Amino acid sequence: MRIIIPLFVFFIIIPSVNAQDRKEIDSLHSIISNSKNDSVIAHNYFVIGKKYRRVTKADSAMLYAEKALSHSLRYGEPESTGTIYTFMGAIEYYRWNMGDAMNYYQKADSTFTKHNIKNRYLFIAYADRAELFRRSKSSKNEKDVYAKAMIYYKKALAVARDLNDSIDISRTLMRMGSVQSSLGNFNETKEYFNEVDSLYLKYVYLGNYHMQYAHLYLKMGDTINSVKHYKLSFDVKNRSKSNFTRAAGQKEYAYALFLSKKYTQSIALGKQSADYFSALDPPDYGRLSGLYKSLANTNLAINNHKEAYKYLALSEEMSDSLTSISKKKEGVELETKYQTEKKEQEIALLQAKNETAEAQKKNQRSLLLGGLALTSITGLFLFLGFRNRKKTNNKLRELDTMKSSFFENISHEFRTPLSLIAGPVEQQLQKPGIDVSEKKNLTIAKRNTKRLLTLVDQLLDLSKLEAGHFKLKVQQGDLSIFLKSLTSTFEYLAHENNQAYTVQINIPENSYYFDADALEKIITNLISNALKYSPDGESISITGIIQHQELQFIVKNTGAPLSEEALQTIFNRFARTDEQTTGTGIGLALSRELATLHKGTITVQSDDSWTSFTTTLPVTETAFSTNEKATGTVNTSAFENLLSPQAGADTTSLQEQIIIEEPDIFSKDNNPILLIVDDNTDLRTYVSSLFEDTYTIHTAQDGSEGFEIASSIVPDLIITDLMMPKDDGITLTKNCKTTEATSHIPIVMLTAKAGDENRLTGLENGADAYITKPFNTEILKTTTYNLLETRKKLQERFSQEVVLIPKDMAINSADERFLDNLKEIVDTQIIESDFTTESFSKALGMSRMQLHRKLKALTGLSATEFIRSQRLKLAAQLLKKSDINVSQVGYAVGFNNHSYFTKCFKEHYGVSPSDYAKNS
């Protein structure tokens, strides 16, 4: 059986529990059974565990250690807990359960470190973990485990120095030197050994000190010094009072004599060592087996085959005896474990009896008190619950009133500045001879002022509904005329959007009861959303009928289906069908609340191609109470021309919208090309107006269309929104930055999503700048200008470079990849006279337009100019370094015509090729 003792474990191995120890253990059990103090119980269990550990009863030692740990954790004493963890780690180390030992040492380390405790148990936890790593090495992981071992040896050394324990310092330095020796780092080994203070290495430790030096010199091939230190180790150990230590010293020195080829002396000392090991009680069969094998090899060296055979047989006999003892020891440990468990059961039974008697006394006193307390608590609970509910209800009513009042006040506060904005804007629009671009911007301001006013009104209405302040006021009126006139106001807008718009109102021209204001808001919200979310070319159908004395009003649109998840949340405020679409605001939420107030419902259905909203409202007199009815009738003529501010379909607004056209994208060809991507038409128009004097403007309404345009025209800069349908701004940025044709384009992200987290996301995905709405136009203009200026500086740098270096010029990996391909093609094909822009673009897998725009952005040169520039740079290098004439240089770099080569060279360098060669 292999028995491995931790290096720093501080227990002495003795044969078995003697009578004195047994008496002390029984006494400790008695103390435990009569104590209720966790600290006392933990300490005594720990002492019992140590006694069993001393006699190598590992299972029994672990059993008591676990009990000690349980009480120590309950008591909450970190130093005691850490000490027990270290003790348990040493037990598992002894049993060579490496994983469990590591786990316990780690827990000890964590406990001591957390509470800033430094003691010898922390030292032991570090030192033994280092030993575990050192002993677990194999040929595959030797360096790794030795490196980990050194980490923990260094921690152990630091603790030993803090404790000023010279013995532990010296022993740790020895082990660290031994690790370096195993790694072949002999100079480092000597440094650690030389630092050891041998004054603190008494007896066996001083002997081990010399033995380590002996091993070191042996590995270094210095047999003389190795034998010298084996002799010093023997001299120390031979003076020991321990037969075991003397035997170990004799065994090691016998090996040294064998190395010195002093075979006769080696055999004599080996026999003496064997006598000591045999005299131990019990004999050390493991070491005897190895020693006899060494004696056999030594006799074999002097051709004494008879003696060699005898010792070889003795070695096998010792090995068999070791196996037999191992099995016998296992049986003894099992018996000890059984007796221990039996004793623990008796203690547990006694404790249970004491606890039961005590509990009975407590229960008798507690029953009466508990009954009285329960009755009192129940009454108090009911009283407090009633009072809290009353307070909560009052508080909720107050909050509703305050919220309603707040929204009403803030609505009026918003209306005043909106009026002050709308008035001057309207006055400017009425002025004759107003500039077209200014009229576009003022029209956008007017329309969005109306939109903001509508949102404020909706917010106020929704707040009143929630607070119960919005009262239903139904009046008698002609429902058919009301619905027809209301739906007709959206026809022009549908026509402008190229959408088929059909209305079928099949309601008798009779009088019905309805709240005109609520019904108008419901219908305009539903139709506005249908127009907004249906793409161009799709259809919107409106149906109105009376069925079972209820109005059924259906708005159905194609081209905008909803997912199951979206159907569940569509009536939530600012609901989004997905992360890439704009929200529905509060219109649908307000519509549902108004329909409920009108004693009706709104439902939604959708399949793969269409979406339908069905509003069902009672419209008979009996459906409403007296308080919900208003005097008089609905004036039909008053809403013959009803308009929806959201639809924006009034004649003036629609005429103004016709004026807002996309700018001519093919004008100003010599100007930088700017691509603006945003799903809001007004914003695209406004941003375009900021740059149309100095840039050629292209626009797109989403990220997908934006990427197509960017790939086709290769703009100088892109300004994009973040949240858009189809592909959003992040996707557009990723696509552009990972495609060779567009990877160089600077991208400015212009978005309403503020906050450092959103800004970081945009920049991490490749955006060159991130500006939040509302934005300062000068900041946007300056940012755009600076990004383009940075590109110009890169172009200027290229014009001065003799050799194309992709890593120095590239902005990102896609640019670097493009420039690598470019350099490879230039290096291999530039000298070919038939190498043209056509073959250049084909070799790079781009169109001529894409190559032209890409090279223009990176180098400031067109494809033709770039090829000529590279040939001239190569020619200049040849003229500097070569003895060939000017004509040969021209032909060598791809020029067919000598005079043309000379002309181009002189234009580029200011001197003729021949003068350039002379001056170089």
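**Cavity lining and nonpolar cores**

Helix 23 provides the largest share of the lining of the largest cavity, namely three residues. In this predicted model, three cavities of 30 Å³ or more are present, and the largest cavity holds about 40 Å³ of space. Its lining is formed by Ile676, Val677, Asp678, Leu683, Arg684, Val687, Ile719, Thr720, Asp721 and Leu750, a set that divides into six nonpolar residues, one polar residue and three charged residues. At least two of the lining residues come from each of strand 9 (673-677), helix 23 (681-691) and strand 11 (717-720).

With regard to nonpolar packing, the largest nonpolar core comprises 55 residues, and within this core the most contacts are made by Ile48, Met88, Ile91, Tyr105, Phe123 and Tyr153. At least two residues of this core are supplied by each of helix 1 (19-33), helix 2, helix 3 (58-75), helix 4 (78-94), helix 5 (98-114), helix 6 (120-135), helix 7 (142-162) and helix 8 (166-182). In soluble globular proteins, nonpolar side chains tend to be buried together.

Tyr45 lies in helix 2, which spans residues 38-54. Tyr45 is classed as buried because its relative accessibility of 6% falls under the 20% cut-off. The C-alpha atom of Tyr45 is separated by 5.1 Å from that of Ala68, although the two residues are 23 residues apart along the chain.

How values were computed: Residues are numbered from 1 along each chain as its sequence is written. This is a predicted model: local features need pLDDT of at least 70, side-chain atom pairs count only at pLDDT 80 or more; totals for chains, interfaces and linings use all residues. Side-chain values use heavy atoms; hydrogens and water are left out. Helices (H or I, at least four residues) and strands (E, at least two) are DSSP runs, numbered from the N terminus. Buried means under 20% relative accessible area, exposed over 50%, partly exposed in between (1.4 Å probe, protein chains only). A nonpolar core is a set of buried Ala, Val, Leu, Ile, Met, Phe, Trp, Tyr and Cys residues joined through side-chain atoms within 4.5 Å. On a 1 Å grid over the protein atoms alone, a cavity is a set of points where a 1.4 Å probe fits but cannot get out, and a pocket is an open set with protein on both sides within 12 Å along at least five of seven lines; lining residues have an atom within 4 Å of a point. Grid points are joined across faces, edges and corners, and a volume is the space filled by probe spheres set on the points. Ala, Val, Leu, Ile, Met, Phe, Trp, Tyr, Cys and Pro count as nonpolar, Asp, Glu, Lys and Arg as charged, and the others, Gly among them, as polar.
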